[in-house]
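Here's a quick briefing to read alongside the model. Have the sequence and the 3D view open as you go.

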Amino acid sequence: MYRSTTIGLRFSVLLNPFKNYKMIFSKIIPTVLFALFISLSVVAQENTSVWERVEVATAAANYRNVIAGDFTGDGVPDLIANAGRVTKLYVAPDWNEIVLEADRKIDCIHSEAMDVDGDGDLDWIGAQYKPGWIFWLEQPDEPTTQRWKYHLIDDQVIGTHGLLVGDVDQKGKLDLLANSGQPGGEFPYSLVWYEVPKNPRKAKQWIRHVFAKGDAPGLSHYLGVGDINGDGRPDAASGAKGWKDDSFGIGEWFAWWEAPKDPTGVWKKHMVSDKQPGATNIHPVDVNGDGQVDLLASRGHGQGIIWFEAPSWKEHVINPDLVGPHCLVVADMDNDGDIDAVTCAKDTKVAAWFENDGHGNFKTHVINTNQAAYDIRVLDMDNDDDLDVIIAGQASQNLVWYRNPAK
């Protein structure tokens, strides 16, 4: 029986009191006031529905990733997250913690879930940023009492910030997409996809295809997948934050790559916009209901949620205020048939969803404040036929989910 239900922020000052006061008034206070102003302006837009908060875990560690799914086969979604170099399963509804992997001390920046070995249950995939490391944990027959076995996927890509599952080669099985965002290693500034080997339990690593070789520079982040040009083949999109961390000045872009007939070859790059400081997330989706695939994006190391209208990629603003919307999900949050968006800003510390009127006009709804995030997912956690919001809070050091009040 197939059990999957997944759909994936001084010492030197103390030496001089005068400098201390000067710094407080010239830097800290304006920064705090700015963040407070942004938070209040966002909250003021809309906060009429109460999203019940469910606390899953808190720890003196940064939760940078979370994935939701029925990992125990009881029909109720559970959570898996990595924090403090330990990967844990949180079993619903009491959220009992079970350590899945701690021996290797892997610090995962992102994760995914899929049935890797085809045995009908969900396995877990994690990625370490640097040194690059992608691996999967095999779910055993008794997921709460038996050890989840570790398997390597790849250790040759560096700067893997984004993982995404999708049927890239259209063979009816899920593949895995990832990025190699750092300038070093064998595949610098590249995007890759992996085929699952015929016998993944015994394979030394997965089959790697570098589809964007060296043309994704500037510290790329997350990936999106979908048929962007309407030729029936899944294409891919990504963004590179550039900005303060890009000494070469080759980031700050959103782009998409056109898949050829043979997806194992090199894909053609199309620039969407090269003036996007802090670009991180981009998803192919029909935003305005005209039958063409647009691109919905966030500047997670900058500011703002936007969308690009196909085919000219005209930019539209969804929310200009949120600072650090590092995570982004696109989904129908109110069950009205069109695609909405959800984020949690790691700097502004506001979780919000953006209601689409079906024509690409959005209204901001605040889910909660004083909540930071690095990763976000949506799934029907309480089986009431609407999508709830799961957040891995890096700066908040918590793992929470919010119950959708929609009826």
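When a polar contact comes up below, take it as a pair of N or O atoms within 3.5 Å, where one must be able to donate a hydrogen and the other to accept it. Keep in mind that this is a predicted model. The protein chain has 407 residues, and 56% of them count as buried.

**Overall build**
- You'll find 28 strands in the protein chain, along with two helices.

**Around Ser273**
- Ser273 sits in strand β17, which covers residues 268-273.
- Its relative accessible area is 14%, so Ser273 is buried, given that the cut-off is under 20%.
- The side chain of Ser273 reaches the side chain of Gln276 in a polar contact at 2.9 Å.
- Setting aside neighbours within four places in sequence, Ser273 is in contact with Glu252, Trp253, Phe254 and Phe308.

**Cysteines**
- How many disulfides does the structure hold? There are zero.
- Take Cys327: the closest cysteine sulfur to its own belongs to Cys344, and because they are 5.7 Å apart, that is too far for a bond. A disulfide would need the two sulfur atoms within 2.5 Å.
- Cys327 counts as buried, since its relative accessibility is 2%.
- Cys108 counts as buried too, with a relative accessibility of 0%.

Methods
Residues are numbered from 1 along each chain as its sequence is written. This is a predicted model: local features need pLDDT of at least 70, side-chain atom pairs count only at pLDDT 80 or more; totals for chains, interfaces and linings use all residues. Side-chain values use heavy atoms; hydrogens and water are left out. Helices (H or I, at least four residues) and strands (E, at least two) are DSSP runs, numbered from the N terminus. Buried means under 20% relative accessible area, exposed over 50%, partly exposed in between (1.4 Å probe, protein chains only). Contact means heavy atoms within 4.5 Å.
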